Amino acid sequence: MALDEPKDDDQVFEEKGTKYVIEKYIYDQAKPIHVDFIDTPSGSGFKLTSNLAQAGGGGCGSCSC
């Protein structure tokens, strides 16, 4: 994740009042995308979940693994 401004080939979506920018071709494969901020005993951070890992079968379902 990084701060960025949207470009012509980006998709902008909003989750819980925060806007996110993602490349359209990735968004089309991964949607819906859910972003949560979590606190765990090993630390805090963002947890992203999508249908991408479920469809591909090779991932864990979260970009925070």
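Which residues form one aromatic cluster? Phe-13, Tyr-20 and Tyr-27 do.

The model is predicted: local features need pLDDT of at least 70 and side-chain atom pairs count only at pLDDT 80 or more, while totals for chains, interfaces and linings use all residues. Residues are numbered from 1 along each chain as its sequence is written, and side-chain values use heavy atoms, with hydrogens and water left out.

**View 1. Overall layout of the chain.** The chain holds two helices and four strands, arranged along the sequence as β-β-α-β-β-α. Helices (H or I, at least four residues) and strands (E, at least two) are DSSP runs, numbered from the N terminus. Of the 65 residues, 22% are buried, where buried means under 20% relative accessible area, exposed over 50%, and partly exposed in between (1.4 Å probe, protein chains only). The chain exposes about 5,000 Å², and carbon and sulfur atoms supply 52% of that area; accessible areas come from the Shrake-Rupley method with a 1.4 Å probe, and for residues only the protein chains shown count as cover.

View 2. A search of the whole structure finds three aromatic pairs. Phe-13 and Tyr-20 form a stacked pair, 5.4 Å centre to centre with 25° between the planes. Rings of Phe, Tyr and Trp (its six-membered ring) pair if their centres lie within 6.5 Å; planes under 30 degrees apart count as stacked, over 60 as edge-to-face and the rest as tilted. Phe-13 is buried at 11% relative accessible area, and Tyr-20 counts as buried at 15%. The rings of Phe-13 and Tyr-27 have centres 5.7 Å apart and planes at 25°, so this pair is stacked. Because Phe-13 lies in strand β1 (residues 10–15) and Tyr-27 in helix α1 (residues 24–30), the pair ties together parts that are 14 residues apart in sequence. Tyr-27, like Phe-13, is buried.

View 3. β1 and strand β2 (residues 18–23) pair in the antiparallel sense over six bridges; two strands pair if DSSP finds at least two bridges between them. Asp-10 has Glu-23 in β2 as its bridge partner. Two residues lie between the strands of this hairpin, in which Lys-16 takes a positive phi near 55°.

**View 4. The largest nonpolar core.** This core has seven residues: Phe-13, Tyr-20, Ile-22, Tyr-27, Ala-30, Ile-33 and Val-35. At least two of its residues come from each of β2, α1 and β3. A nonpolar core is a set of buried Ala, Val, Leu, Ile, Met, Phe, Trp, Tyr and Cys residues joined through side-chain atoms within 4.5 Å. Leaving aside residues up to four places away in sequence, Ile-22 touches Asp-10, Gln-11, Phe-13, Tyr-27 and Ile-33 (contact means heavy atoms within 4.5 Å).

**View 5. The cis peptide bond at Pro-32.** The bond from Lys-31 to Pro-32 is cis, with omega near -5°. Pro-32 sits in the loop between α1 and β3 (33–40).

**View 6. Confidence along the chain.** The mean pLDDT (the predictor's confidence in each residue, from 0 to 100) is 80, and 80% of the residues reach 70 or more.
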